[in-house]
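Biologist: I would like to learn how to read a model like this one. Could we go through it feature by feature?

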Amino acid sequence: MAAETPERPAVVAPAGTEARGTGGFGLIVATSLVVGSIIGVGIFNLPTSLAVYGPISLVSMGLTTIGAVALALLFAALSRRLPADGGPYAYSRVAFGNGLGFANAWSYWITAWAGNAAIAVGWVLYVEEFINTGHNRLASVLLVLVGLWIPAWINLSGVKNMGLVQVATTVLKFAVLVFMSTVGLFFINAANYTPWNVSGEGAIGAIGGGMAIALFSYLGIETAAVAAGKVRDPDRNIPRSTVFGTLATAVVYMLSLTAVFGILSTTQLASTTAPFSDAADAIFGGSWAGNVMAVAVIISGIGALNGWTMICAEMPLAAANDGLFPERFRRLSRAGVPAFGIIASTALASIAMAINYIGSSGATVFTTLVLMTGITSAIPYGFSALAQIKWRVADQRQLQTPRFVRDMVVAVLSLIFSVLFIWYSRNTGHAFWVYWAPFLMAGAALLIGIPVYRAQRPHMTEPEPVPAYREPSFK
């Protein structure tokens with residue numbers, strides 16, 4: 001891609017034009033972006049985070065999967081109607097104006113860089129199967145920084161390199177989950193599913209708490225919509241990649257998690273930092289299989305960080321083009337990427353990670369960051385659902401009713417799940433400050449956006465009118 005100077009106001013138009021023409025991501029790379037962003041290290045650390053609830057969290061995962069599929073269908077429908085950069089941000093801005101548009105862009109941006117911090121922390125838990133096995137805190141922090149800045153360097157080198165890394169790592173991570181989803185099922189010990197609920201809470205509370213943690217494993221279903229400007233033929237490829245990627249991931253998620261909970265007891269899961277490695281060792285004996293699994297998860301984590309680092313810059317880029325974020329975020333480097341957004345997001349992720357390591361273990365840091373991103377992601381998810389409800393009600397008044405019932409059911413389910421994800425995002429089993437840390441951190445990060453919003457108000461452009469309803473391009 002040709003170099004662009006920061007002064008040119010058309011820096012975004014060529015990128016969007018190229019993506020919708022012959023350049024940009026096709027269906028395979030777009031699907032790899034969705035799958036690769038969803039499957040990071042969250043699923044590989046999830047059994048340990050859910051062990052506080054016990055096997056009942058399989059119900060949590062099942063309900064979260066229903067919510068994730070509903071969100072995938074929601075974003076597929078919205079991206080078909082409005083294939084705009086920024087995804088959830090664009091939908092809320094067009095539906096509700098610049099004020100809520102900014103709030104959703106800021107919240108989603110927090111999700112992206114805080115999520116990267118969580119992925120990197122989970123990534124290090126598998127790296128420490130080989131080095132820093134004593135979990136020295138300073139060494140862990142340094143390793144997390146390595147995990148954050150390598151993907152940043154890949155993204156800064158250009159979109160082509162980013163896409164190549166994404167496809168290669170997605171194939172590997174998906175293969176690992178397919179293995180555990182098939183072979184692992186033959187090594188289940190039914191006794192490990194009892195006791196069913198070890199949390200000390202009622203069934204509803206335990207399931208809700210597990211759902212809030214499980215949501216992190218599905219973050220990324222909207223990434224193709226967020227990066228619409230880089231997707232070729234977005235009207236078709238964004239809905240398809242979103243639905244195909246989410247459904248494929250959901251199958252291997254449910255099966256592999258069922259296998260791991262059946263192979264290892266709840267006590268074992270609660271004390272391990274690398275549950276999939278321990279499950280592989282239990283299947284084959286010795287430690288070689290667990291080491292192979294750990295290497296695969298490490299590579300998987302780099303792939304997820306690679307995709308999310310791009311998303312960290314794409315959301316601010318879209319908002320900056322509309323005047324909602326500072327102008328620096330819209331400048332493209334000689335490699336054709338929004339370098340300032342990549343660097344700023346990675347720096348914030350580094351700070352969030354370091355703060356969380358003060359006084360906490362890696363596993364606790366991971367869970368706290370996971371729950372924080374559950375809150376900040378559920379906000380734009382919920383407003384996307386509200387945008388769809390608003391637009392489809394207007395469609396009905398204009399007698400544009402094809403798929404009306406399906407779209408409304410999907411939107412209402414998405415809204416309900418978004419509210420539940422926020423409600424249950426508490427760090428169960430810890431003292432007051434750690435218990436409420438996800439809400440405190442999310443609240444502080446959201447409040448920082450207020451002066452940014454006030455400074456940007458004079459520069460904001462008016463949202464475009466909502467596009468007309470469009471029939472799906474695939475059945």
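Modeller: Start with the surface. This is a predicted model, and the accessible surface of its protein chain comes to about 17400 Å². Carbon and sulfur atoms hold 69% of that area.

Biologist: Which residues form a nonpolar patch on the surface?

Modeller: Leu185, Phe186, Phe187, Val251 and Leu255 do. Together they have about 500 Å² of accessible area. Take Leu255 as one case. Leu255 is found in helix 11, residues 234–263. Its relative accessible area is 35%. Buried means under 20% and exposed means over 50%, so Leu255 counts as partly exposed.

Biologist: Now the whole chain. How many helices and how many strands are there?

Modeller: The protein chain has 19 helices and 0 strands. Its radius of gyration is 21 Å, close to the 23 Å that the globule rule gives for 475 residues, so the chain is as compact as a globular protein of that length. Along its principal axes, the C-alpha trace spans about 60 × 50 × 45 Å.

Biologist: What share of the residues is buried?

Modeller: Buried residues make up 59% of the 475. Then check contacts by sequence separation. Take the contacts with a separation of 6 or more: 83% of them are between residues 24 or more positions apart.

Biologist: Next, charges. How many salt bridges are counted?

Modeller: The count comes to 6. For each pair, look at distance, location and burial. Arg93 and Asp322 meet through their side chains at 3.5 Å, N to O. Arg93 lies in helix 5 (residues 88–96) and Asp322 in the loop between helix 14 (288–321) and helix 15 (339–357), so this pair ties together parts that are 229 residues apart in sequence. Both Arg93 and Asp322 are buried.

Biologist: Where do Asp395 and Arg392 lie?

Modeller: Both lie in helix 16, residues 362–397. They are 3 residues apart, about one turn of the helix. Asp395 has a relative accessible area of 2%, and Arg392 has 0%. With the cut-off for buried at under 20%, Asp395 is therefore buried, and so is Arg392.

Biologist: Which other salt bridge does Arg392 make?

Modeller: Arg392 also meets Asp407, at 3.2 Å, N to O. That pair links distant parts of the chain: Arg392 is in helix 16 and Asp407 in helix 17 (residues 404–423), 15 residues apart. Arg392 and Asp407 are both buried. Now widen the view from pairs to a network. Arg81, Arg392, Asp395, Arg406 and Asp407 are linked by salt bridges.

Biologist: One last residue. Is Thr266 buried or exposed?

Modeller: Thr266 is at 12% relative accessibility, so it counts as buried. Thr266 sits in helix 12, residues 266–271.

Biologist: Which residues does Thr266 touch, not counting those up to four places away in sequence?

Modeller: Thr266 touches Ala51, Gly54, Pro55, Asn192 and Val198.

Notes:
Residues numbered from 1 in each chain as written. Predicted model: local features only at pLDDT ≥ 70, side-chain atom pairs only at ≥ 80, totals over all residues. Heavy atoms only, no water. Patch = residues over 30% accessible without salt bridge, like charges linked within 9 Å, V, L, I, M, F, W, Y side chains within 5 Å. Areas by Shrake-Rupley, 256 points an atom, 1.4 Å probe, with all protein chains shown as cover. Salt bridge = Lys/Arg side-chain N within 4 Å of Asp/Glu carboxyl O. Helix = DSSP H or I, 4+ residues; strand = E, 2+ residues; numbered from the N terminus. Buried < 20%, exposed > 50% of the residue type's maximum accessible area, 1.4 Å probe, protein only. Rg over C-alpha atoms; globule rule 2.2 N^0.38 Å. Contact = heavy atoms within 4.5 Å.
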